[in-house]
Amino acid sequence: IETGRDSANQYHDLIFECLKGIFQKNLKRGKKEVKQHEGRKRIDIVFDNFDTEGFFGHIRDRHKIFCPKIFIECKNYSTDPKNPEIDQLTGRLGETTGKFGILVCRKVENVELLMKRCKDTMNRDRKYILFFDDNDIKTLLTMKSKGDEEEIINYLSEKWDRLVLDN
């Protein structure tokens, strides 16, 4: 899929199907293009968190992160996501819907800068954002195809640790 606005819907569709497959035991009732605030805002993908033993259950139960809904924003850009993209997802998170989201993008050249932006959101607003690029999605799909649920949990936990720990 080409990067850019013209292929954005194709990219959203692909990511939706990928995440549905990867997290089929943990996240349910996936929907695309979910309206919020009487349609003034929209969320690319939303899942309900039904996880009892995996990563999403872990952050809910052990870290006490309110996350009944998992919000996902997809960015089909050829450049790294910047503050407006982080702020867009942060603005969708809240007290009634949840405080955890995932930003999915094509690639990340400056991982450290994007991580700092996610940490800023965590420290300022107590909202938590992980980011995945195409390589992360491919890695998770490979793990899923091998039935390695424990490895998926470890992979996501490593991303979580990078966000919440000072390393």
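First, how to read a crossing angle: axes are lines fitted to C-alpha atoms, for helices over the stretch in contact, and the angle between N-to-C directions runs from 0 to 180 degrees. Keep in mind that this is a predicted model.

Start with helix H5, residues 134-145, and helix H6, residues 149-164. Their axes come within 8 Å and cross at roughly 155°. Angles over 145 degrees count as roughly antiparallel. Therefore H5 runs roughly antiparallel to H6. The crossing of these two helices is right-handed.

Who makes the contact? From H5, look at Asp136, Thr139, Leu140, Met143 and Lys144. From H6, look at Glu149, Glu151, Ile152, Tyr155, Leu156 and Lys159. By class, the contact of H5 with H6 has 5 nonpolar, 1 polar and 5 charged residues.

Now turn to the pairing of H5 with H1. H1 covers residues 8-22. H1 and H5 pack at an angle of about 35°, with their axes 10 Å apart. This crossing is left-handed. On the H1 side we have Tyr11, Ile15, Cys18, Leu19, Gly21 and Ile22. They meet Asp134, Ile137, Leu140, Leu141 and Lys144 in H5. Sorted by class, the contact of H1 with H5 has 8 nonpolar, 1 polar and 2 charged residues.

Look at Leu140 and Lys144 in H5. Both are in the contact with H6, and both are in the contact with H1.

Next, a loop residue. Where is Asn26 found? Asn26 sits in the loop between helix H1 and strand S1, and S1 spans 27-36. Is Asn26 buried or exposed? The cut-off for buried is under 20% relative accessible area. Asn26 has 12%, so Asn26 is buried.

What does the side chain of Asn26 make a polar contact with? The partner is the side chain of Asp51, at 2.9 Å. Leaving out residues up to four places away in sequence, Asn26 touches Asp48, Asn49, Phe50, Asp51, Gly54 and Phe56.

Last stop, Lys116. This residue lies in helix H4, residues 111-125. Exposed means over 50% relative accessible area. Lys116 has 53%, so Lys116 counts as exposed. How far apart are the C-alpha atoms of Lys116 and Gly4? They are separated by 25 Å, and the two residues are 112 residues apart along the chain.

To recap: H5 contacts H6 in a right-handed crossing, and H1 in a left-handed one. Asn26 is buried, whereas Lys116 is exposed. I'll take questions now.

Note on methods
Residues numbered from 1 in each chain as written. Predicted model: local features only at pLDDT ≥ 70, side-chain atom pairs only at ≥ 80, totals over all residues. Heavy atoms only, no water. Helix = DSSP H or I, 4+ residues; strand = E, 2+ residues; numbered from the N terminus. Parallel < 35°, antiparallel > 145°, perpendicular 65-115°, else oblique. Left-handed = near helix turned anticlockwise from the far one by under 90°. Contact = heavy atoms within 4.5 Å. Nonpolar A, V, L, I, M, F, W, Y, C, P; charged D, E, K, R; others polar. Buried < 20%, exposed > 50% of the residue type's maximum accessible area, 1.4 Å probe, protein only. Polar contact = N/O pair within 3.5 Å; in protein donor to acceptor, adjacent residues only side chain to side chain.
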